[in-house]
Amino acid sequence: LSQKLTVSYCFPEAKHIKMSATAIEKKEKEQEKEIKTYSIKYNLGIFCISWSPNDIYLAIGCSDGIIRILNGINGKLLYKLSTTGSMPITSIKWKSSSYLITTSSSGYIDIWQ
């Protein structure tokens, strides 16, 4: 049962490479990353989302006209921004990490700093 398994890989632009099963397992473990997930549900519906350029914030545009800013790491609510007209948010765009531009079905464009 302690046989050594050898697997061959062939890439078009590279040489024929042989790796042992233990080397493959080690390489796979190095490439594995911990994936964290969290779920967000708003009963009135989510119309759009946008990550900040630095991946620290997640902006969520909801049908109630409120932009919810979440912590991008743990999903916790940080801010609630009420838009002009309180209609569903139709788009969100970050301009650098300090400006957030939103549009809503009320016809307004809001710029947040």
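**View 1. Burial and the order of elements in the protein chain.** Of the 113 residues of the protein chain in this predicted model, 26% count as buried, where buried means under 20% relative accessible area, exposed means over 50% and partly exposed lies in between, with a 1.4 Å probe and protein chains only. The secondary structure comes to one helix and nine strands, and from the N terminus on the elements run β-β-α-β-β-β-β-β-β-β. Helices (H or I, at least four residues) and strands (E, at least two) are DSSP runs, numbered from the N terminus. Residues are numbered from 1 along each chain as its sequence is written. Because the model is predicted, local features need pLDDT of at least 70 and side-chain atom pairs count only at pLDDT 80 or more, while totals for chains, interfaces and linings use all residues, and side-chain values use heavy atoms, with hydrogens and water left out.

**View 2. The open sheet of four strands.** Strands of a sheet pair through backbone hydrogen bonds, either parallel or antiparallel. Here four strands form an open sheet in the order β3-β4-β5-β6, with antiparallel pairing; two strands pair if DSSP finds at least two bridges between them. The edge strands, each of which pairs on one side only, are β3 (46–51) and β6 (77–82). Strand β5 (residues 66–71) pairs with β6 in the antiparallel sense over five bridges, and R68 stands opposite K80 in β6.

**View 3. The aromatic pair of Y57 and W94.** The structure holds one aromatic pair, and this pair, formed by Y57 and W94, is stacked, with 6.3 Å centre to centre and 15 degrees between the planes. Rings of Phe, Tyr and Trp (its six-membered ring) pair if their centres lie within 6.5 Å, and planes under 30 degrees apart count as stacked, over 60 as edge-to-face and the rest as tilted. The pair links distant parts of the chain, since Y57 lies in strand β4 (residues 57–62) and W94 in strand β7 (residues 89–95), 37 residues apart. Y57 counts as partly exposed because its relative accessibility is 26%, whereas W94 is buried, with a relative accessible area of 10%.

**View 4. A nonpolar patch on the surface.** Y99, I109 and I111 form a nonpolar patch with about 320 Å² of accessible area together, an area that comes from the Shrake-Rupley method with a 1.4 Å probe. I109 has its place in strand β9 (residues 109–112), and I109 counts as exposed because its relative accessibility is 58%.

How values were computed
Patch = residues over 30% accessible without salt bridge, like charges linked within 9 Å, V, L, I, M, F, W, Y side chains within 5 Å. Salt bridge = Lys/Arg side-chain N within 4 Å of Asp/Glu carboxyl O.
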